Amino acid sequence: MKASNDLIKKFGVDKIIHGLIGMLILAVCVVASVFLFGVSFLSVLGGMVLGTVFAWLAGKWKESKDDDPDTADIRATVRGALLADAVILLVWIVFRLIL
């Protein structure tokens with residue numbers, strides 16, 4: 001509990017929510033890509049690239065609607081997507097080494 005409180009104090013609730021939305025957008029794109037094209041590295045990589053681009057576009061669009069646009073919110077959204085990219089790649093590599 002203390003770790004989550006420290007994280008919220010350091011970054012703020014808004015930046016954390018932006019990061020989580022970036023992760024969600026990326027996850028939806030990867031899952032859709034896998035369902036459409038099968039479980040191959042190119043399919044997963046394509047979903048990751050599209051998800052990161054869509055997260056960036058969603059962040060830009062959302063901030064364009066605000067009265068006071070904040071580029072840090074866009075960076076937080078993309079960082080969330082990039083964190084999900086890193087986790088997906090790590091899991092992919094580990095499973096390929098095991099199997």
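Tutor: Contact here means heavy atoms within 4.5 Å. With that cut-off, 66% of the contacts in the protein chain between residues at least 6 apart in sequence join residues at least 24 apart.

Student: Thanks! What kind of model is this?

Tutor: It's a predicted model, where local features need pLDDT of at least 70 and side-chain atom pairs count only at pLDDT 80 or more, while totals for chains, interfaces and linings use all residues. Residues are numbered from 1 along each chain as its sequence is written, and side-chain values use heavy atoms, with hydrogens and water left out.

Student: How many helices and strands does the protein chain have?

Tutor: Four helices and zero strands, giving the pattern α-α-α-α along the sequence. These are DSSP runs numbered from the N terminus, with H or I of at least four residues for helices and E of at least two for strands.

Student: Which residues does UniProt list for "transmembrane region"?

Tutor: The unreviewed UniProt entry lists residues 16-35, 41-59 and 80-98. UniProt positions are in the numbering used here, feature names are shortened, and annotations may be inferred rather than shown by experiment.

Student: How far apart are the end C-alpha atoms of residues 16-35?

Tutor: They are 29 Å apart, and that span is 100% helix and 0% strand in the model. Residues 41-59 are also 100% helix, with end C-alpha atoms 27 Å apart.

Student: Switching topic: which residues make up the largest nonpolar core?

Tutor: Nine residues do: I25, L26, V30, V44, M48, A55, A81, A84 and W92. Helices α2 (13-37), α3 (41-65) and α4 (71-98) each give two or more residues to this core. A nonpolar core is a set of buried Ala, Val, Leu, Ile, Met, Phe, Trp, Tyr and Cys residues joined through side-chain atoms within 4.5 Å. Buried means under 20% relative accessible area, exposed over 50%, and partly exposed in between, using a 1.4 Å probe and protein chains only.

Student: And what is A81 in contact with, leaving aside neighbours within four places in sequence?

Tutor: A81 is in contact with G22, M23, L26, T52 and A55.

Student: What about S33, is it buried or exposed?

Tutor: S33 sits in helix α2 and counts as buried because its relative accessible area is 9%. Apart from neighbours within four places in sequence, S33 is in contact with G38, S43 and G47.

Student: Last one: what share of the protein chain is buried?

Tutor: Buried residues make up 28% of the 99 residues. The C-alpha atoms fill a box of roughly 45 × 35 × 15 Å, taken along the principal axes.
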